[in-house]
Amino acid sequence: ADTIRVGVLKYGTVNWELTSLASHGFDTQSGIKVEMIPFASNQATLVALQAGEVNVIVSDWLWVSRQRAAGRDFTFVPFSSSVGALMVPANSDIRELADLKGRKVGVAGGPLDKGWLTLRGLAERDAGFDPANENEIIYGAPPLLAKKLEQGELDAVLNYWHYAARLEAKGFRRVLDANDAAIQLGAEGAISAIGYVFDERWANEHRKAMLGFVHASQETKELLKTSDAAWEELRPAMGAEDDATFTALRDRFRAGIPERPLKAEIQDTAHIYRLLAKLGGEKLVGPATEMAPGTFWHALVDGS
Amino acid sequence: MRIDAKDFDRVESGRIAVLRDLAFSLEPGSFTCLIGPSGCGKTTTLRIMLGLDRDFRGEVRPPSHDARIAAVFQEPRLLPWRTVEQNVRLALPKNATPDLDTLFETLGLSSMRSSYPEELSLGLARRVALARAFAIDPDVLLLDEPFVSLDEATAKRMRALLLRLWRGRGVTVLMVTHNVREAVALADRLLLIDGRPAHLTGDVPLPLPQEMRTPEHMATLLDDLGKTYPDTLQS
Amino acid sequence: MRIDAKDFDRVESGRIAVLRDLAFSLEPGSFTCLIGPSGCGKTTTLRIMLGLDRDFRGEVRPPSHDARIAAVFQEPRLLPWRTVEQNVRLALPKNATPDLDTLFETLGLSSMRSSYPEELSLGLARRVALARAFAIDPDVLLLDEPFVSLDEATAKRMRALLLRLWRGRGVTVLMVTHNVREAVALADRLLLIDGRPAHLTGDVPLPLPQEMRTPEHMATLLDDLGKTYPDTLQS
Amino acid sequence: MDPDVVAETAEAEETRRTSRRYRRVPTSLLSLALFFLTWTVAAWWAHDPDVPTPFAVAAFMAREAANGDLFYHLSITLARVAAAFVVSMAVGTAIGLAMGQWREIDRWLDPWLILLINMPALVLIVLCYIWIGLSEAAAITAVALNKTPNVVITLREGARALDPKLAEMARVYRFSRLALVRDVMLPQLQPYIAAASRSGLALIWKIVLVVELLGRSNGVGFQIHLYFQLFDVTAILGYAFAFVAVMIAIEYMLVQPLETRLTRWRAKPA
Amino acid sequence: MDPDVVAETAEAEETRRTSRRYRRVPTSLLSLALFFLTWTVAAWWAHDPDVPTPFAVAAFMAREAANGDLFYHLSITLARVAAAFVVSMAVGTAIGLAMGQWREIDRWLDPWLILLINMPALVLIVLCYIWIGLSEAAAITAVALNKTPNVVITLREGARALDPKLAEMARVYRFSRLALVRDVMLPQLQPYIAAASRSGLALIWKIVLVVELLGRSNGVGFQIHLYFQLFDVTAILGYAFAFVAVMIAIEYMLVQPLETRLTRWRAKPA
Ligand SMILES: Nc1ncnc2c1ncn2[C@@H]1O[C@H](COP(=O)(O)OP(=O)(O)OP(=O)(O)O)[C@@H](O)[C@H]1O
Ligand SMILES: Nc1ncnc2c1ncn2[C@@H]1O[C@H](COP(=O)(O)OP(=O)(O)OP(=O)(O)O)[C@@H](O)[C@H]1O
Ligand SMILES: [Mg+2]
Ligand SMILES: [Mg+2]
């Protein structure tokens, strides 16, 4: 069987899915073998993919589109629509975006984070102000920002979904997430923020294996959606400190499993892309104003 | 001052006893020469008197607290990163305004004032060290073989300068030398040390005023000394 | 060897001309003393002869390629991190097996073999530098004021040792000294340099064998020399 | 017996010195030119978007300079570097000298020093941010804490190698405390200070990058990280070279002339 | 005229030396104990999960040691540190000496040196990984590239401060090349080498952490980062201290005895 090397974060969500995939034998059923290579940071997986050390990593479509525009043929298969959320302490008086005005807000992922840009777009349209200009914004490392919210140094934090889930388990409140914002801005449903990313040429050469991998991934998701037992097995790999965190992570993961037909996703993604291109400008998307064709793997879109 | 015992720890092994029961005191305004074979402990004695070595048994009574002390070490010990003139000026006490022009002139250093020590010959560097000691107009002057590496003509000029300073200001001088001839010509007291560990073997007063010491007189004196202390003195 | 001109760039400003038209050659097996006032350029001359300073106009014809050269510098120049014995051994050519025991004994260094240079008095350190030069059994020996900082008795022993070495092996010796008495007692030729820039002012052969030089004879000689070269020599 | 100083016209003298001082520049420039040439050739030969040519990087820098971003982030980073540099050099030199000169202090502080110097930058930075807050003060403290032990270690070696002979001389002649430091100790420590500050500046800048990455919202490190997420090698190199250019300017226009002045007493090699 | 060596029984001598050698350990231990005491008190006083007590950290280390993780990651990181250390010290010393002794080489390499030393670690590491591949070789090259310029800079200062008088002596007595390096140059460079290797080891370890973060699947840096994402301060400190403990052991059991041997020729302060 073909071996697919996947670069994963040791305690990341991909690791959960792939661990489950292997332990329930979905890989052998699809005639492949999955090898997980653990890394300590997202950047490390990016480097590993570029260096050809792994075949597949998990990243976002924006990055793929930008790389394609620059001539590197990476491509994308949706993995999860879980996205970052704006979190505040339970007793906070921040109820909606408009309340953010003048507050100290932490933002994970930096000024070009997709979620942040959509949030800004929405605030601009609905509340008539740009949070980036009228607030004190602290960009920083996600775990540090989560900590700072707990310490009370920040009024609100826009953080990645698993940090948001952890905060939820600790009693923090979710104001809204990036998908809510995207829908309010014209998307029809939740879109997949992240997905499996790989070199298209490599995928076409190993088409059967890659399709098998996608299939095995879907089977696993199907299982994780329904079976609590499957989650119990994953517990050690999740690094959850208590039951509340465990449950929050599980539920948020389930909620993020992509359900919609691919066509609809692509359409919405393209829409959001144009929006982001407007908000983030060339800095974010590069010179291209439209999502690069082939950002979603052709083999799944039209079978070519 | 009185040194009961001075030992050194050796790196390799053991201690060596350098000085034992060495006691003398210097009259203010006297000119004493300390003479002893190479390696017997003369420099060590000076270092103890200067307070640079406190690891000994005994007691040193320093001169009054605000007495100015100057020392000429066995090596020039100049600051290589300062010019000749800066080296001398740095040693001056505050508010001192000695006549450096004349001093440098006498020592033959006038054209070297802005040179760095690495550009000097050893003899010139020694003279700078002398200039530094003379410039501060000291009350006590300790000299460790100050006139070696100088040609005879220069050494003579230096000796004359030293005598002038001594007479003029009543400086207390202690000079280490191997040159008995020089000692006899300059000092009014000789201290001889010798032995292992070293102790005082002779304390010779030379009461005759320096200007009256004729070559003939000195020759007899040297002869006598050589007979009294055959081990320590030979010339 | 012939030095047409030797200048130094000074850090502060200008150049100084140190040597001009200085030419002499040393007969193999001869014992020459180089005499001149302090700071005139003696050390510079030795450095040029040793090939340590190539920035001059002129030409130095070194002795045959495999001749062993030894030098005693004006300072001891020992490696502080090596013991006395290691310092001497490091300078030995391969396969040399000199009788170090006797050498150290003669120089009075026996009990210091395992000391580090910082534990030595200056006089002891100078003797180690002499030991290093003597140990390699050189064909050419350049000495820069080797016997200063030694008491007369030790200096006499050293001089005797040097003469023995010179006679025994036919070493070519060039010695810088300020001590005319010493020069007259040891050398068979005196080179006098003086002036600014310095040049040869006298070349005095002393044909009388060393062992026949009585004190009286030397006194006359010194007197004569002092009259012929009143500027350079004074004793 | 002093050899005369050969008279030279002040003019000739002036020309000689000038020409000597300016001779270094061409070699350095030539060397830099060689570097960029190698890079250009390599980039053309590789023909890969991950290996941009110097021109692409220069174009990016020009664009960022035009919209003001480059100077904004560069100046902020430089301010942080400068602050941390001053703090850690001052504190580190003081502690290092004390440790080098007094054995007891050395024995007491040494284990703490080893602990501190081996603490991962990440740990120190995160702890500073947690305890002091996400502030400029925390950032600079974190950097200084990372760098200071290096200064201490270098200066301690310097203090240990100080010549006791000169110290004795200074003591006999009752040098003032100022003169002792300025005229006796500092010149001996100069090579150690030079080494500590050269590699120090570079180290500080590297740590500032991490500090900016973890908890600041501006600065070159923040920008580099932003572009790293986009994997934009051109932009990363652009910002890196902007800082390097400043460092090269400081080195050749400030440090080296100063150093030449300070070490001219050393006998020139024959 | 040589003062006699005062006879001492070999035994008394032996005791004295032994006691002197072992006197250092207690002070260091005491100092470490003080550190842990301060920490414990601070932790109790803070009473915050982000300020774990030393016992919590020790317990974590014991657990990780028991399941083998600690030694696995620690040994891998140590191997990387050792390899990078050897490479960068060797290369850096050679280049530094060459630059310190020959002006021309210095002029040519200096700009490259400034470029390299100011390249962000991140940039060098990523470039190495991309160009060489995600291999152990790339990781070690990246670390060595980061560290070597620091060694060069320190050793260059050392070479510049070499005493020409001793070099002349060695030349006159025709020292072999080996003796010249071993007996004349190395002892003079010792303080510089000591400074470079002490701060070097620490720096390398810090860079190894980044290298492991960016492209390796094991090692202390990898672990620390994992726990950083979970914000588990106890675990982070546990891994950091594991490494620090090794460094302290090396320092007190290897480096300091060696250093004492090498510098005992220095006259003891009065
Ligand atoms: N590196 C240098 N730079 C500039 N001038 C120098 C340098 N070395 C020596 N000189 C000058 O050259 C002259 C001769 O120096 P040299 O050391 O040869 O004298 P010398 O005859 O050995 O004197 P002494 O008897 O005092 O040792 C001196 O005036 C000295 O100042
Ligand atoms: N730091 C030290 N450690 C061990 N022994 C030392 C130390 N300093 C000096 N000595 C020893 O003490 C003795 C006396 O040294 P000192 O320098 O006082 O001699 P000196 O009389 O000045 O000799 P010289 O005329 O040669 O200068 C010497 O044998 C020397 O080896
Ligand atoms: Mg002495
Ligand atoms: Mg000389």
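**Entry 1. Chains D and E**

How much area do chain D and chain E bury between them, and what share of it is on carbon and sulfur atoms? I looked this up in a predicted model, and the result is about 6300 Å², with 69% of it on carbon and sulfur atoms. I then asked which residues take part, and I found 70 residues of chain D in contact with 70 residues of chain E.

I noted one pair by name, in which the side chain of E157(D) meets that of R198(E) at 3.4 Å, N to O.

**Entry 2. Annotated spans of chain D**

I consulted the UniProt record, an unreviewed entry, which places "domain: ABC transmembrane type-1" at residues 74-254 of chain D. In the model I found this span to be 89% helix and 0% strand, with its end C-alpha atoms 19 Å apart.

The record, again an unreviewed entry, also gives "transmembrane region" for residues 25-46, 70-100, 112-132 and 226-250 of chain D. I examined two of these spans. Residues 70-100 of chain D are 100% helix and 0% strand, and their end C-alpha atoms lie 42 Å apart. Residues 226-250 of chain D are 88% helix and 0% strand, with 27 Å between the end C-alpha atoms.

**Entry 3. A nonpolar patch**

I looked for nonpolar residues on the surface and found a patch with about 1000 Å² of accessible area together. Chain D gives L30(D), L34(D), L37(D) and V41(D) to the patch. Among the members from chain E are V87(E), V91(E), I95(E), W102(E), W108(E) and W112(E). Which elements give two or more residues to the nonpolar patch? I listed α1 (10-46) of chain D, together with α3 (69-101) and α4 (103-118) of chain E. I confirmed that L30(D) is found in helix α1 of chain D.

**Entry 4. Chain A and its neighbours**

I turned to the contact of chain E with chain A. This contact takes 20 residues from chain E and 21 residues from chain A. About 1800 Å² is buried between them, and carbon and sulfur atoms give 68% of that area. On the chain E side, L134(E), Q229(E) and L230(E) supply 31% of the area buried against chain A, more than any other three residues. How many salt bridges does the rule find across the interface of chain E and chain A? I recorded 0 salt bridges.

Finally, I checked chain A against chains B and C. No contact joins chain A and chain B, and their closest C-alpha atoms lie 50 Å apart. No contact joins chain A and chain C either, with 49 Å between the closest C-alpha atoms.

How values were computed:
Residues numbered from 1 in each chain as written. Chains lettered and ligands numbered in written order. Predicted model: local features only at pLDDT ≥ 70, side-chain atom pairs only at ≥ 80, totals over all residues. Heavy atoms only, no water. UniProt positions renumbered as here; feature names shortened; annotations may be inferred. Helix = DSSP H or I, 4+ residues; strand = E, 2+ residues; numbered from the N terminus. Patch = residues over 30% accessible without salt bridge, like charges linked within 9 Å, V, L, I, M, F, W, Y side chains within 5 Å. Areas by Shrake-Rupley, 256 points an atom, 1.4 Å probe, with all protein chains shown as cover. Salt bridge = Lys/Arg side-chain N within 4 Å of Asp/Glu carboxyl O. Contact = heavy atoms within 4.5 Å. Buried area = accessible area lost by both parts, 1.4 Å probe.
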